[in-house]
Amino acid sequence: MVNEKEMVLDGFKFSSKKEFERAMKEKETIGYIVANTNMSDMKAVLKVYNKAIDKKSFQTVVGLEFVNNMRKKLISSGTVMEKNLAYVPVTSKNAVVQKVPVMSKDEAARNAERYKKAYEEAITGKKIKNMAIAFLIVLLAALVIITVKSKYSVFTYFTDYKSNMENELIDKYEKWEQTLDDRQKALEKEEKELKDKQKDAENNK
């Protein structure tokens, strides 16, 4: 449970905004670890545990609780003896919380599953968003290409569209007018030939 206004995270109430924000980041880190680590493999858990201790990756009660749960799991599984396992370092900073609830094994499992699900949903949402953006880019590019290739488009409307349309109409009119002239001349020629034949016929009588 997260209540940013009251600085409450998973049942822990923080009195420092800085520690609360760090706890939020540590929770995200836990979600990533759970999603990318086989938590049923004790050897893998031991590696994560030792690295977390060495790097002091977790400093708030949220992170330290996760580390301590790994410690309990390692000891109960018999993977390593307690005396050979490094202790979880605690600093005075962890006193900023009002209450440190005891988490049962079942609760820890549920939280781990919840962290994993949240991480997977976040990744899926990001993939869908990227796919949607890529699709829109491709669609926009296709529309631009089609528009550019078109003789009359939005890119030419305010430039040479009107002029080209007027020229095309003039060309069509001139061709049509020329065709009429040719037909008229052909008819006049035929009429002249016919009159000449009629005149020759009358002279031969």
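This is a predicted model: local features need pLDDT of at least 70, side-chain atom pairs count only at pLDDT 80 or more; totals for chains, interfaces and linings use all residues.
Figure 1. In total the protein chain has five helices and three strands. Of its 205 residues, 22% count as buried. Among the contacts with a separation of 6 or more, 59% join residues 24 or more positions apart.

Figure 2. Let us start with the strands. M7 sits in the loop between β1 (2-3) and β2, and D10 sits in the loop between β2 and β3. Most residues other than glycine have a negative phi. M7, however, has a positive phi near 55°, and D10, also not a glycine, has a positive phi of about 50°. Are these residues buried or exposed? M7 is buried, with a relative accessible area of 18%, and D10 is buried with a relative accessible area of 18%.

**Figure 3. Helix α1 and its two sides.** Helix α1 covers residues 17-36, which makes 20 residues. From first C-alpha to last it reaches 29 Å, close to the 28 Å expected at 1.5 Å a residue. Its buried residues are E19, F20, A23, E26, K27, I30, G31, I33 and V34. They lie on the same side of α1 because they cover an arc of only 165° around the axis. An α-helix has 3.6 residues a turn, so residues three or four places apart point the same way. Now look at the other side of α1, where K17, K18, K25 and E28 are exposed. At the start of the helix, a side-chain oxygen of S16 comes to within 3.4 Å of the backbone nitrogen of K18.

**Figure 4. Helix α2, from its cap to the residue that follows it.** Helix α2 runs over residues 42-55 and has 14 residues. Its reach from first C-alpha to last is 20 Å, close to the 20 Å expected at 1.5 Å a residue. Which residue caps the N-terminal end of α2? The cap is D41, with a side-chain oxygen 3.1 Å from the backbone nitrogen of K43. The buried residues of α2 are M42, A44, V45, V48, Y49, A52 and I53. Seen down the axis of α2, these buried residues fall within an arc of 165°, so they line one face of the helix. The buried residues of α2 pack against α1 and α3. Turned away from the buried side is a face that carries the exposed residues K43, K47, K51, D54 and K55. After α2 comes K56, whose phi is positive, near 50°.

**Figure 5. Helix α3 and what its buried residues pack against.** Helix α3 spans residues 61-77. It has 17 residues and reaches 24 Å from its first C-alpha to its last, close to the 24 Å expected at 1.5 Å a residue. Its buried residues are V61, V62, G63, L64, E65, F66, V67, M70, R71 and L74. Which elements do they pack against? They pack against β2 (8-9), β3 (12-13), α1 and α2. V61 is buried, with a relative accessible area of 9%. V61 and A23 are 38 residues apart along the chain, and their C-alpha atoms are separated by 7.6 Å. Just after α3, G78 takes a positive phi of about 80°.

**Figure 6. The largest nonpolar core.** This core has 28 residues, and those with the most contacts inside it are F14, Y49, F66, V67 and M70. The elements that give two or more residues to the core are α1, α2 and α3. Which element gives the most? That is α3, with seven residues.

**Figure 7. An edge-to-face pair of phenylalanines.** A search of the whole structure finds two aromatic pairs. One of them joins F58 and F66, which are edge-to-face, with 5.9 Å centre to centre and 65° between the planes. F58 is buried, with a relative accessible area of 6%. F66 is buried too, with a relative accessible area of 12%.

Key
Residues are numbered from 1 along each chain as its sequence is written. Side-chain values use heavy atoms; hydrogens and water are left out. Helices (H or I, at least four residues) and strands (E, at least two) are DSSP runs, numbered from the N terminus. The expected span of a helix is 1.5 Å times one less than its number of residues. Buried means under 20% relative accessible area, exposed over 50%, partly exposed in between (1.4 Å probe, protein chains only). The arc is that of the directions from the helix axis to the C-beta atoms. A polar contact is a pair of N or O atoms within 3.5 Å; within protein, one must be able to donate a hydrogen and the other to accept it, and residues adjacent in sequence count only if both atoms are side-chain atoms. Rings of Phe, Tyr and Trp (its six-membered ring) pair if their centres lie within 6.5 Å; planes under 30 degrees apart count as stacked, over 60 as edge-to-face and the rest as tilted. Contact means heavy atoms within 4.5 Å. A nonpolar core is a set of buried Ala, Val, Leu, Ile, Met, Phe, Trp, Tyr and Cys residues joined through side-chain atoms within 4.5 Å.
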